[in-house]
Amino acid sequence: MSSEDPKNSTFAITTPLYYANGLPHVGTAYPTIAADAIARFQRLQGKPVLFVTGTDEHGQKIQRTAEALGRSPQEQCDLIVPEFKRLWEKLQVRYDRFIRTTDERHGAIVKEFFQIVWDKGDIYLSQQKGWYCVSCEEFKEERELLDDHYCAIHPNKQAEWRDEENYFFRLSNYQERLEKLYQDRPNFIQPASRRNEVLSFVSQGLRDFSISRINVDWGFPVPENSNHTLYVWFDALLGYITALLDPASEPTLKNALSQWYPIDIHLIGKDILRFHAVYWPAMLMSAELPMPDRVFGHGFLVQDGLKMGKSTGNTIDPVALVDRYGSDAVRYYFLKEIEFGRDGVFDEARFVNILNADLANDLGNLLNRTLKMVSKYYGGTVPDLAIDDIPLDNPLKAAGVTLGDRVKQSYEALAFSTACDEILALVRLGNKYIDDQAPWTLYKQGQQTALEQVLYAVLESVRLAAFLLSPIIPIVSTKIYQQLGYSVDFAETPLIDDSITLTKHGAWGTLPTGQALGDAQPVFQKLELPDSSV
């Protein structure tokens, strides 16, 4: 939390506001899953959390899409928005607010914010000339374009030459203040590669950017001149603030900023980094508002060397993926197999192999075989032993007692793949341990104390792994917890049992002795590749 932050223990996170010009795809699902995992982990720490997602519904891109389909822009958005909500439900994404930039309440916030910046003298009228990418909703410099003025991000889209009157925001006034922000708060932009990109861009000198259009009707009119429409980025970025409004509150900046502001994490794609890490902070400076704590630019999902996206037509249908394999499988693969912040590739064969190895074999089988032994030897209850008597050099205890802190650090750094690796290392250690200790032999030899310690150590390690994985795979974690005798449902937020927090359940040795266990059942069914890929 930054030193400017007036909040106490609350936590607010946002995804990008997704364009409503087409159906959601796996590239939009990816950061939303990540944001959900972060929000879930923060809730496990007992924090009040506000998780914001939504749709950016204005601008020329949506206007053109709607016209091509014979619809009004509003009709287009109204058809697409439910598809985002449906996908988030299928993926077990539990957001708190869904902001639509066509909301009248948002219009009120935009108008109020514009007036503040206008009164500050940071908006003026001038002429804009340059190459404009409709898909990016951005003017491009020559060095940012490919041959024949094709966009580097949307290589099948040619930029258009524009020469028009626009209102501009005085970004150049904030060069020194932005450089000081980046220097004083080195973690403001993450990961380090994204920070370096921004530092390089800003060091070349900041130019004022246009915040209005005269050739687009679909958007909010500029308060000072209704012949102009506010440019999508000036409008959309303020959606993050509108979303903070309590539904019953009057739409004013004061009300929007009263509880959840400043936002802890803006989670964005690296292609919109400049808007969030340069333009947005400057706009907030103009309005004399505190900065968010972090802007994290995640990498792309790529296919054949190109970013997955609607414009390139190389997307994967996430609905079909979830229907085929389940939400936990999709969530786990993308957060475990792709280092968050780097580009990643979806490979279906690897997807199936990873899920079968980690969740079906290593985690699921370890629980299943141990529960069956406890059922046979102890009537299906956790052995009644003194947990403190398990020696510190017990390999599972030695690894487990520090695991919660290590995984917490990984989650807070958005290092999901590292968190999963740490947790699965304990699970694999559990499989080796049970093979080495051979509890079936200990039972035959009558070594009661050793048998109890072995079985408890394994069950407790599986419980700890399930708890720490619950932000990523809530359904599998719930099945494990219920078979261990708990009534929790990690998929629902907030949890009904508010005692299941990181402080207690993130520590090794939490499973109560004597607790009745459930029947051993598979927690994750093995996956099979279909005849044809998704």
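Predicted model: local features only at pLDDT ≥ 70, side-chain atom pairs only at ≥ 80, totals over all residues.
The crossing is at roughly 115 degrees, and the axes come within 7 Å. On your screens, α12 covers residues 327–336 and α18 covers residues 474–483.

Which residues meet there? From α12 they are S327, D328 and R331, and from α18 they are P474, I475 and V476. By class, this contact of α12 with α18 has three nonpolar residues, one polar and two charged.

Next, the empty space. Rolling a probe the size of a water molecule over the atoms shows where such space is left. How many cavities of 30 Å³ or more are there? The count comes to one. The largest cavity holds about 70 Å³. Its lining is made up of 13 residues, and those closest to the centre are G59, Q60, E137, R213 and V216. Sorted by class, the lining of the largest cavity has six nonpolar residues, four polar and three charged.

Last, the aromatic rings. A pair is described by the distance of the centres and the angle of the planes. The model has 33 aromatic pairs, and I will show one of them, Y377 with Y443. The two rings are stacked, at 4.1 Å centre to centre and with 15 degrees between the planes. Where do these tyrosines lie? Y377 is in helix α13, residues 348–378, and Y443 is in helix α16, residues 439–445, so the pair ties together parts that are 66 residues apart in sequence.

Definitions and conventions
Residues numbered from 1 in each chain as written. Heavy atoms only, no water. Axes fitted to C-alpha atoms, helices over the stretch in contact; angles between N-to-C directions. Helix = DSSP H or I, 4+ residues; strand = E, 2+ residues; numbered from the N terminus. Contact = heavy atoms within 4.5 Å. Nonpolar A, V, L, I, M, F, W, Y, C, P; charged D, E, K, R; others polar. 1 Å grid on protein atoms, 1.4 Å probe; cavity = no way out; pocket = protein on both sides within 12 Å on 5 of 7 lines; lining within 4 Å. Points joined across faces, edges and corners; volume = space filled by probe spheres on them. Phe/Tyr/Trp six-rings, centres within 6.5 Å; stacked < 30°, edge-to-face > 60°.
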